[in-house]
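These are my notebook entries on a structure I went through. I set down what I looked up, entry by entry.

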Amino acid sequence: MTFLKKYAFNGVGFNLLLCSLTIQWSFIMQNIWKMQSGVMHFGIVSMVEANIASLAVLVSTGAVLGRINPLQLIIMSLIETVLYSLNKELGFNTFKVTDAGNSIFVHVFGAYFGLAVSFSLYQSEFSKINSGKSNLFSLIGTLFLWAFWPSYNSSGILGNDSHRAIVNTYLALVSCTLTTFGLSSLLEGQNRFNIIHIQNASIAGGVAIGTVANMMIQPYGAMLVGLAASILSVFGYAFLKPLLARKLKIQDTCGVHNLHGLPGVMGGILGVILTLKAKESHYGFGIYELFPALAPLENSTDLYEIHADYVPIDAGKNRSTSQQAVYQLVALVSTLAISIIGGLLTGVLLKLRIWDPSEHEYSCDVNFWKLNEYPKQRQSFNIE
């Protein structure tokens, strides 16, 4: 978030603000859906889930970075966290889908929610100013993301599934990074790399592999996912982003559509395909941990036989893999619908003048917050 020269400190500071706010608000949203006997539960699992919820908000922030004030960002994050929690509850507890690395529920939701807000808040004059220092810090941020992405994709799973998620994510990342450098050089010419491609598309493989990270896709499959994600992301930055700005009036400051949106949709579609191909002969009883809804019904003979082998599998819905694949697709479509509609309505709400008091402008300086010390500076982003 530091690549905007005059908005670098604000980009980092407001991220910290929104992250802290969203984590606390997410705790409440989680317990609203899962509360029993009026008691709210807090622990390591809920902490991890709250951190993941904050990621969806930070993804959305990238689409409107530098164009809305802190109060609008706070309102946006509060609304988005409610819709994110609703959508994830619908996907995991109603549709019973699998999304190990949250390609669908974080990246797709966050990207298209932010894009919808950006569409509602379109500004005719909007330009971007970068600098070598701001881009350097942004690239360092990419390296942190790159290094920790395997632990993120494996954070909610255990055992063999976690092992596969780590290995598959690393392979997708290295393949994606190598492809990104090659494509960037080809598109730029003169033996040069585009820093925007390297900052963003090099980690698109981690997004795309998310839904299927814990599945058996073989090493070459993971590397192909990374390759395809890089192609999708780099060409999205080079050609699709200007088209969206020109034709649909969508100003995507950080290019979240190309890093999170498109690779996330790709991951969701891969989830549908690989669910259709999943077999018990490949996973053994582990297929019921991968897809809990495939497990036999409560008190059925099949479940009794599984328990007789001392396998601790919970009762499921006795779905076939084809039925599960349909639910995976439904979860992807519903996520797109909820995020886009919710983002459009949120954008309309943020356009109200009550959220944009012209006499107040908050700025995040190097060491501390300042109020009304600097004149208001409008950041803009001009896609040529």
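This is a predicted model: local features need pLDDT of at least 70, side-chain atom pairs count only at pLDDT 80 or more; totals for chains, interfaces and linings use all residues.

I began with Asn31, which counts as buried because its relative accessibility is 7%, where buried means under 20% relative accessible area, exposed over 50% and partly exposed in between, with a 1.4 Å probe and protein chains only. Asn31 lies in helix H1, and I took helices as DSSP runs (H or I, at least four residues; strands are E, at least two), numbered from the N terminus. I also looked up the pair Asn31 and Phe42, which stand eleven residues apart in sequence and 8.8 Å apart in space, C-alpha to C-alpha.

Residues are numbered from 1 along each chain as its sequence is written, and side-chain values use heavy atoms, with hydrogens and water left out.

I found a nonpolar surface patch of about 450 Å², made by Ile28, Ile32, Trp33, Met40 and Leu86. Patches are made of residues with over 30% relative accessible area and no salt bridge, like charges being joined within 9 Å and nonpolar side chains (Val, Leu, Ile, Met, Phe, Trp, Tyr) within 5 Å; the areas come from the Shrake-Rupley method with a 1.4 Å probe, and for residues only the protein chains shown count as cover. Helix H1 (residues 8–34) gives the largest share of this patch, three residues. Trp33 is found in helix H1, and I noted Trp33 as partly exposed because its relative accessible area is 39%.

Ile52 lies in helix H2 and counts as buried, at 8% relative accessibility. Ile52 and Thr22 are 30 residues apart in sequence, and their C-alpha atoms are 9.8 Å apart in space.

The axes of helix H2 (residues 44–64) and H3 come within 9 Å and cross at roughly 130 degrees. H2 and H3 are therefore oblique to each other, given that angles under 35 degrees count as roughly parallel, over 145 as roughly antiparallel, 65 to 115 as roughly perpendicular and the rest as oblique. The crossing of H2 and H3 is right-handed, a crossing being right-handed if the near helix is turned clockwise from the far one by less than a right angle, and left-handed if anticlockwise.

Next I looked up helix H3 (residues 70–94) with helix H14 (residues 321–350), whose axes come within 10 Å and cross at roughly 160 degrees. H3 is therefore roughly antiparallel to H14, and the crossing of H3 and H14 is right-handed. Helix H9 (residues 218–247) and helix H10 (residues 256–277) pack at an angle of about 135 degrees, with their axes 9 Å apart, which makes H9 oblique to H10. The crossing of H9 and H10 is right-handed.

How many salt bridges does the rule give? The count comes to one salt bridge, the rule being a side-chain nitrogen of Lys or Arg within 4 Å of a carboxyl oxygen of Asp or Glu. Asp161 forms a salt bridge with Arg164, and the closest N and O atoms are 2.3 Å apart. Both residues lie in helix H6 (residues 159–188), three residues apart, about one turn of the helix. I recorded Asp161 as buried, and Arg164 likewise.

Most residues other than glycine have a negative phi. Asn299, although not a glycine, has a positive phi of about 65 degrees; Asn299 is found in the loop between helix H12 (287–290) and helix H13 (301–308) and is exposed, with a relative accessible area of 73%. Asn318 has a positive phi of about 55 degrees, although it is not a glycine. Asn318 is found in the loop between H13 and H14, and I noted Asn318 as partly exposed, with a relative accessible area of 43%.

Conventions. Axes are lines fitted to C-alpha atoms, for helices over the stretch in contact, and angles run from 0 to 180 degrees between N-to-C directions.
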